[in-house]
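Please look over the sequence and the 3D structure shown here before reading on. The report then goes through some of the strands and side chains.

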Amino acid sequence: MNDSFTASSSTLTKPPPTKKKYPTQTPPNDTWTIEQLLHWSLDQYHSAAISRTNSHLKALQAQCENECEDVMTLHELAVGMRERGELNNNDNEGELVESSREEENADPQQQQLVEGDYNSSNHLKPTSTSAAATNSTNTTSKPKSSTITNTSTLTITILTGPHESQTYKLQPKHTQPCLIGRSKGKKFLRNGISLSKDQEVSTTHGKFSIEQQEQVDNDSSSNSGGGVQNKFYYTDVGSTNGSTVGEARLEPNVRIEIEEGMDLRVGNSALKIEFG
């Protein structure tokens, strides 16, 4: 047998020392071999791929944190409403009704101011017992006709801001108001308003709710008739920058009646609200 095939360990040659793939201190030049150039190109691709991957991971992490914040906010709202008996046992915890988390921490006097009306002089008057007594000369027992409608739909047009000219059709339900905010959650996209580009808008800024009322009309000259009709309300749920109607800044967690053609501002966005 040929000596070159001898299996003895004493005759086995050691592998040559590993050479550097390419010079790490210099850019490619004419002295590089094709192998070095290929290794250098592969490493450059790997570095770029890792950088893009890290960038995508950070973006996904930020999106996940925003979505988790939305979920936790909705969960806490639902828990608070269940504790107050405003959410039936058969309802989904994710459904929002006539409350928000901030209402739990409000003082008792503020919690009584759950209803308000918007008058022509741009002042908001809460309809609690004490406020009604103070402003009895300016308040009538019959609600304004412009706040009552047969429709169950709100048409909201964005007049100014990053989402200018967009129009939304909202259909709030008695147990599920329509939300407005910067969130991109399903409740904002499906039957709400997502102002994701307006950085002055809170994640959950406000809500639009509806109430049915038995309308009794004894005036034969009126065309409104009787039957069940709807009233719409808007509530700022404790947003950072607040909401304004005309020149009046809304109290947090105090709902106001929506009038036909009412102008509402949230963040940098001006909204016009119409019935139907």
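## Basis of the model

This is a predicted model, in which local features need pLDDT of at least 70, side-chain atom pairs count only at pLDDT 80 or more, and totals for chains, interfaces and linings use all residues. Residues are numbered from 1 along each chain as its sequence is written, and side-chain values use heavy atoms, with hydrogens and water left out.

Helices (H or I, at least four residues) and strands (E, at least two) are DSSP runs numbered from the N terminus. Two strands pair if DSSP finds at least two bridges between them. Buried means under 20% relative accessible area, exposed over 50%, and partly exposed in between, with a 1.4 Å probe and protein chains only.

## Strands β6 and β7

Strand β6 (residues 178-181) is covered on both faces. Cys178 and Ile180 are buried on one side, and Leu179 and Gly181 are buried on the other. Strand β7 (residues 193-194) pairs with β6 in the parallel sense over 2 bridges, and Ser194 in β7 stands opposite Gly181.

Together with helix α5 (residues 186-191), β6 and β7 make a right-handed β-α-β unit. Right-handed means that, with the strands pointing away from the viewer, the path from the first strand over the helix to the second runs clockwise.

## The hairpin and the open sheet

Strand β4 (residues 154-160) and β5 run antiparallel and are joined by 4 bridges; Ile156 stands opposite Tyr168 in β5. The two strands form a hairpin with 6 residues between them, and Gly161 in the turn has a positive phi of about 110 degrees. In β5 (residues 167-170), Tyr168 and Leu170 make up the covered face, while Thr167 and Lys169 are on the uncovered one.

An open sheet of 6 strands, paired antiparallel, has the order β5-β4-β14-β13-β10-β11. β5 and β11 (248-249) stand at its edges with a single partner strand each, so one side of each has no neighbour in the sheet.

## Contacts of aromatic rings

Rings of Phe, Tyr and Trp (its six-membered ring) pair if their centres lie within 6.5 Å; planes under 30 degrees apart count as stacked, over 60 as edge-to-face and the rest as tilted. The count by this rule is 3 aromatic pairs. The ring centres of Phe208 and Tyr234 are 5.1 Å apart and the planes are at 50 degrees, so this pair is tilted. Phe208 lies in strand β8 (residues 206-215) and Tyr234 in strand β9 (residues 227-236), so the pair ties together parts that are 26 residues apart in sequence. Phe208 is buried, at 0% relative accessible area, and Tyr234 is also buried, at 0%.
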